[in-house]
Amino acid sequence: MRRAALLLATMSLATPATAQVCAGASASMASDGRVYGHLPYGDAPPDDLVAAPPGFALHDCQLRRDMIPDLERLLAAARGDPAVMGQLRALSCHRSILRQASVFCRDHPEAGGLGDATRAISVAPPGHSEHATGYALDFAVRPANGCPDAEGCMAATPAARWLVANAPRFGFEMSFPGGNRQHVKWEPWHWRWVGTSATAPGAARARFIFAKARAQFPADPAVDGVRTIARLLPLVAVSVPPWPAPTPRKGKRRR
Ligand SMILES: [Zn+2]
């Protein structure tokens, strides 16, 4: 926690500044620490990370201990709702800054991939991913029934629609809604935990870490009862912002 706070403070003071993104490549850093639109986040303390609930993760998945009770309640509610077809699973959970670097930099132009700025629309640069905090996770729906994880197709599934309608009452909010001013791709699978209220156990720490994001680039749907796009409009009316077609590759692309 202190380390994360120090990182945020240090980076917000560094203006103008640059950030190292991949080997031999740097990017300009905004006065609020953002790189390619992504706010800075430090690594979760290892002792605060625990394994995800049994049967939930598709791969290794560690998350902050504080969010597990709400996550278990969310999963139980989803399982108990006959409208939810398919099962909510975890595709990606905590990712260390080092791991994020390997994800972000594997498509570096030197390797024939996209430019950093273009890639950053869908993948956060290292040191700037909510996944490093341990409070964010990417859901997937299984069986997928031909609906790719990393496409807007997921948002139309009953399980994903259930998340939009219900996840906030379990303390989860969608970090990157469609058309967000952060210019990050719409990510209907990516949810961060901030607790059901400011006084819920552990919520203060999560809300401190996400304070800048929540103030400047509100989630939608969000935990706190702000009127949201998702509640005002049918889900089908939420526009999908254009983004460059990803380079065909094997495996899943995730932030
Ligand atoms: Zn994500």
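## Helix H2, end to end

The expected span of a helix is 1.5 Å times one less than its number of residues. Helix H2 (residues 68-79) has twelve residues and should therefore span 16 Å at 1.5 Å a residue, and the 16 Å between its end C-alpha atoms agrees. Helices here are DSSP runs of H or I with at least four residues, strands are E runs of at least two, and both are numbered from the N terminus.

Before going on, note that this is a predicted model, where local features need pLDDT of at least 70, side-chain atom pairs count only at pLDDT 80 or more, and totals for chains, interfaces and linings use all residues. Numbering starts from 1 along each chain as its sequence is written.

Which residues of H2 are buried? They are Asp-70, Leu-71, Leu-74 and Ala-78, and they sit on the same side of H2 because they cover an arc of only 100° around the axis (the arc of the directions from the helix axis to the C-beta atoms). Buried means 20 or more other C-beta atoms within 10 Å of a residue's own, exposed means 12 or fewer, and partly exposed is in between, with C-beta atoms placed from the backbone. An α-helix has 3.6 residues a turn, so residues three or four places apart point the same way.

Turned away from that buried side is a face with the exposed residues Ala-76 and Arg-79. The cover over the buried residues of H2 includes strand E5 (87-92), H5, E7 and E8.

## The chain overall, and H3

In total there are eight helices and eight strands, and 43% of the 255 residues count as buried. Take contacts (C-beta atoms, placed from the backbone, within 7 Å) between residues at least 6 apart in sequence: 68% of them join residues at least 24 apart.

Helix H3 (residues 97-105) has Gln-100, Val-103, Phe-104 and Cys-105 buried. Strand E1 (17-22) and helix H4 (116-119) are among the elements covering them.

Most residues other than glycine have a negative phi, and most peptide bonds are trans. Two bonds here are worth a look. Arg-142 to Pro-143 is cis, with omega near -5°, and Pro-143 is in the loop between strand E6 (136-142) and helix H5 (158-166). Asp-220 to Pro-221 is also cis, omega near 5°, with Pro-221 in the loop between helix H7 (211-216) and helix H8 (229-232).

Then there's phi. Tyr-36 has a positive value near 50° and is buried, with 24 other C-beta atoms within 10 Å. His-183 has a positive phi near 60° but is partly exposed, with 16 such atoms within 10 Å.

Key. Contact = placed C-beta atoms within 7 Å.
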